[in-house]
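This report describes one protein chain, from its overall build to selected local features. The sequence and the structure are shown first.

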Amino acid sequence: RYFSQNRSWFGLRNLSSKETAAVLFYNIANILHQKGKFHDAKRYYLECVKILKDFPEAWGNLAITYSALKQNDSAGIAFQHASVLKPDLENLAYNMGTFDLGLSNFTSAINSFKRGLFYSPQNPDVLYGIANTYYLMGKVDSARVYIDIMSIKGLFTGREKKLLELIKKDE
């Protein structure tokens, strides 16, 4: 879920046996999550963060897993843990915004997506998230601004074209 930004933020210290097991739990949880075995994935993510409390990717993936299980309060808490640990974590703002959008919490979704722009202003997923949220809020002019930004920056793909067609129908 969280891809490298080609910069180190983690230490290169040797891991203890328990910490090595936690990384193994994280990898097992990722595999289980990909297979749709969310309850099992949650157990392994929880074992991981119990040992490695400062592992933001594990917290972020745990949040996504909680969300898939419709355990929204727990998902929100896990997202906050990831955000406190590493607010510029790749895809975190997008995942948080998408989570908020799924709950129809439009204001929080916009805020999450915009935090993502602070760290990654060229991220097409974040820009699209803002445009789509504004559209769903009925703020067509604001949605159009972000679609135009994507077009100017050369970040325009099929999903933006579909959203632009919807916007044009509403104008």
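## Surface and Burial

Accessible areas here come from the Shrake-Rupley method with a 1.4 Å probe. On that basis, the chain of this predicted model exposes about 9700 Å².

The chain has 171 residues, and 42% of them count as buried. A residue is placed in this class when its relative accessible area is under 20%.

## Overall Architecture

The secondary structure consists of nine helices, with zero strands. Along the sequence, the elements accordingly read α-α-α-α-α-α-α-α-α. Taken along the principal axes, the box filled by the C-alpha atoms is roughly 60 × 35 × 25 Å.

Contacts between residues at least 6 apart in sequence were also examined. Of these, 49% join residues at least 24 apart.

## Charged Side Chains

The chain carries 22 positive side chains and 16 negative ones. The centres of the two sets lie 4 Å apart.

## Loop Residues with Positive Phi

Which backbone angle stands out at Lys 70? Phi of this residue is near 65°, a positive value in a residue other than glycine. Lys 70 belongs to the loop between helix H3 (56-68) and helix H4 (72-85). Is the residue buried or exposed? Lys 70 counts as exposed because its relative accessibility is 66%, and the class begins over 50%.

A positive phi is also found at Ser 104, where the angle is about 60° although the residue is not a glycine. Ser 104 sits in the loop between helix H5 (92-102) and helix H6 (106-119).

Rolling a probe the size of a water molecule over the atoms shows where empty space is left. Over the whole structure, the search finds two cavities of 30 Å³ or more. The largest cavity holds about 100 Å³ of space. Its lining is made up of 14 residues, and those closest to the centre are Leu 89, Asn 91, Ala 93, Gly 116 and Ser 120.

Which helix gives the most to this lining? Helix H5 does, with three residues. H5 and H6 each supply at least two residues of the lining of the largest cavity.

Notes
Residues are numbered from 1 along each chain as its sequence is written. This is a predicted model: local features need pLDDT of at least 70, side-chain atom pairs count only at pLDDT 80 or more; totals for chains, interfaces and linings use all residues. Side-chain values use heavy atoms; hydrogens and water are left out. Helices (H or I, at least four residues) and strands (E, at least two) are DSSP runs, numbered from the N terminus. Buried means under 20% relative accessible area, exposed over 50%, partly exposed in between (1.4 Å probe, protein chains only). Contact means heavy atoms within 4.5 Å. Lys and Arg count as positive and Asp and Glu as negative; His and the chain ends are not counted. The place of a charge is taken as NZ of Lys, CZ of Arg, CG of Asp or CD of Glu. On a 1 Å grid over the protein atoms alone, a cavity is a set of points where a 1.4 Å probe fits but cannot get out, and a pocket is an open set with protein on both sides within 12 Å along at least five of seven lines; lining residues have an atom within 4 Å of a point. Grid points are joined across faces, edges and corners, and a volume is the space filled by probe spheres set on the points.
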